Amino acid sequence: MLPRTLILCGALAMALGVATGAFGAHGLRRMVSADLLSVWQTAAHYQLIHGLGLLALAALWPRLAPGLALWSSWTMLLGMILFSGSLYALVLTGHRLLGAITPVGGALLILSWLLLAGAAWRGTAA
């Protein structure tokens, strides 16, 4: 994944994170329980954090070990989609089974940050 693609994915994730956060605050408030609204807010929060993470990866790319940076970017993107996406789907559909996907996404997000640390460790010191 090239830095330009990371910027595109990060910016889109941020825009959608703001939109889903606003939808949760203004549209879902009257439609779902407080517990489900909290789940929605968690999904939007993590989406925003990892959208920024993708932008950070793009900015740091020249100083990172390329192989680990590539793995970090893909695991962060996939983790964000699985984590936040499964929570959004759970709230919208009420199917609690979708919550089983969430920990997989969370584990990928954790792995992505560890891979970023490794990419920085092995990267250039310039």
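A pocket is an open set of grid points where a 1.4 Å probe fits, with protein on both sides within 12 Å along at least five of seven lines. The model discussed here is a predicted one.

Q: What pattern does the protein chain follow along the sequence?
A: The secondary structure of the protein chain comes to four helices and zero strands. Read from one end of the sequence to the other, the pattern is therefore written with helix symbols, since helices and strands are taken as DSSP runs. The pattern is α-α-α-α.

Q: What is the volume of the largest pocket?
A: The lining of the largest pocket includes Cys9, Leu12, Gln47 and Tyr88. By class, this lining has eight nonpolar, four polar and no charged residues. The volume of the largest pocket is about 160 Å³.

Q: Which helix gives the most to the lining of the largest pocket?
A: Helix H1 (3-28) and helix H3 (66-93) each supply at least two residues of that lining. With six residues, the helix that gives the most is H3.

Q: Is Leu111 buried, partly exposed or exposed?
A: Leu111 lies in helix H4 (residues 102-122), and together with Ile110 and Leu114 it makes a nonpolar surface patch of about 300 Å². Buried means under 20% relative accessible area and exposed means over 50%. Because its relative accessibility is 38%, Leu111 counts as partly exposed.

Q: What percentage of the residues in the protein chain is buried?
A: The C-alpha atoms of the protein chain fill a box of roughly 50 × 25 × 15 Å along the principal axes. Of the 126 residues in the protein chain, the buried ones make up 40%.

Conventions
Residues numbered from 1 in each chain as written. Predicted model: local features only at pLDDT ≥ 70, side-chain atom pairs only at ≥ 80, totals over all residues. Heavy atoms only, no water. Patch = residues over 30% accessible without salt bridge, like charges linked within 9 Å, V, L, I, M, F, W, Y side chains within 5 Å. Areas by Shrake-Rupley, 256 points an atom, 1.4 Å probe, with all protein chains shown as cover. Salt bridge = Lys/Arg side-chain N within 4 Å of Asp/Glu carboxyl O. Buried < 20%, exposed > 50% of the residue type's maximum accessible area, 1.4 Å probe, protein only. 1 Å grid on protein atoms, 1.4 Å probe; cavity = no way out; pocket = protein on both sides within 12 Å on 5 of 7 lines; lining within 4 Å. Points joined across faces, edges and corners; volume = space filled by probe spheres on them. Nonpolar A, V, L, I, M, F, W, Y, C, P; charged D, E, K, R; others polar.
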